Amino acid sequence: MARLRHLHAEAGHLAATVPDFLAHPEVSRAMEQALMHIMVRCLAEGLAAGTSSRHPRQPVMRRFEEFLEDNLDRAIYLQEICAAIGVQERTLRSHCEDHLGMGPRKYLWLRRMHLARRRLTRTDPTAATVTVTAIALAHGFGELGRFAVQYRKLFGESPSATLRRASK
């Protein structure tokens with residue numbers, strides 16, 4: 001929650017001091033995605049800690065978030081999740097729409113994009129085995145051109161630019 005408050009305060013500060021900066025579609029989209037990601041984490045951690053009100057959908061969402069946390073560093077897919085937590089895809093979709101405001105596929109896609117970004121920012125780009133291609137494939141993105149376009153839309157820079165920046 002502290003991260004959400006901090007990011008929200010930073011967004012407000014940027015809007016007040018340099019509104020032209022937020023006028024760029026890439027910047028505003030990246031800020032929106034960062035706020036959404038942190039908000040989803042707050043909701044998930046609230047469910048895991050049992051801090052939210054009792055709701056019949058909580059056990060499913062708790063199992064969903066626990067499964068995601070147990071598989072943090074790999075690409076996972078909807079069928080695998082449904083089998084692991086014991087629900088039908090339609091049930092999980094309904095629960096995710098209610099709790100997250102998006103379907104599980106969109107949530108999983110955002111999760112994979114953020115995992116790929118984290119790996120790109122935390123990797124030594126001088127290592128010969130580290131490439132954007134290897135990282136994209138490791139996170140379940142088979143269409144590399146599409147990955148690069150979607151990455152730029154989401155984060156406001158190309159994956160290779162993120163990787164280059166990691167070396168600084």
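Reader: At roughly what angle do the axes of helix 6 and helix 7 cross?

Author: Please keep in mind that this is a predicted model. The axes of helix 6 (residues 89-100) and helix 7 (residues 104-121) cross at roughly 70 degrees, and they come within 8 Å. Angles of 65 to 115 degrees count as roughly perpendicular. Helix 6 and helix 7 are therefore described as roughly perpendicular to each other.

Reader: Which residues in helix 6 and helix 7 meet?

Author: On the side of helix 6 they are Glu89, Leu92, Arg93, Cys96 and Leu100; on the side of helix 7 they are Pro104, Arg105 and Tyr107. Sorted by class, this contact of helix 6 with helix 7 holds five nonpolar and three charged residues, with no polar ones.

Reader: How does helix 7 pack with helix 10, and at what angle?

Author: Their axes lie 7 Å apart, and the angle between helix 7 and helix 10 (residues 159-166) is about 35 degrees. Helix 7 brings Arg117, Leu120 and Thr121 to this contact, where they meet Pro159, Thr162, Leu163, Arg165 and Ala166 of helix 10. The classes here are four nonpolar, two polar and two charged residues.

Reader: What secondary structure does the protein chain have as a whole?

Author: The protein chain has ten helices and zero strands. Of its 168 residues, 37% count as buried.

Reader: How many residues are in the largest nonpolar core, and which of them have the most contacts inside it?

Author: A nonpolar core joins buried residues through side-chain atoms within 4.5 Å. The largest one here has 32 residues, and Phe64, Ile81, Ile85, Leu92, Leu100 and Met113 have the most contacts inside it. At least two residues of this core come from each of helix 4 (58-70), helix 5 (78-85), helix 6, helix 7, helix 8 (132-138) and helix 9 (144-155). Helix 7 gives the most, with seven residues.

Reader: With which residues is Ile81 in contact, leaving aside its neighbours within four places in sequence?

Author: Ile81 is in contact with Phe64, Phe67, Leu68, Ile76, Leu92 and Leu108, once those neighbours are set aside. There is also a second, separate core of six residues, among them Leu7, Ala11, Leu14 and Ile38.

Reader: What share of the contacts in the protein chain with a separation of 6 or more joins residues 24 or more positions apart?

Author: Such residues account for 61% of those contacts.

Notes
Residues numbered from 1 in each chain as written. Predicted model: local features only at pLDDT ≥ 70, side-chain atom pairs only at ≥ 80, totals over all residues. Heavy atoms only, no water. Helix = DSSP H or I, 4+ residues; strand = E, 2+ residues; numbered from the N terminus. Buried < 20%, exposed > 50% of the residue type's maximum accessible area, 1.4 Å probe, protein only. Contact = heavy atoms within 4.5 Å. Axes fitted to C-alpha atoms, helices over the stretch in contact; angles between N-to-C directions. Parallel < 35°, antiparallel > 145°, perpendicular 65-115°, else oblique. Nonpolar A, V, L, I, M, F, W, Y, C, P; charged D, E, K, R; others polar.
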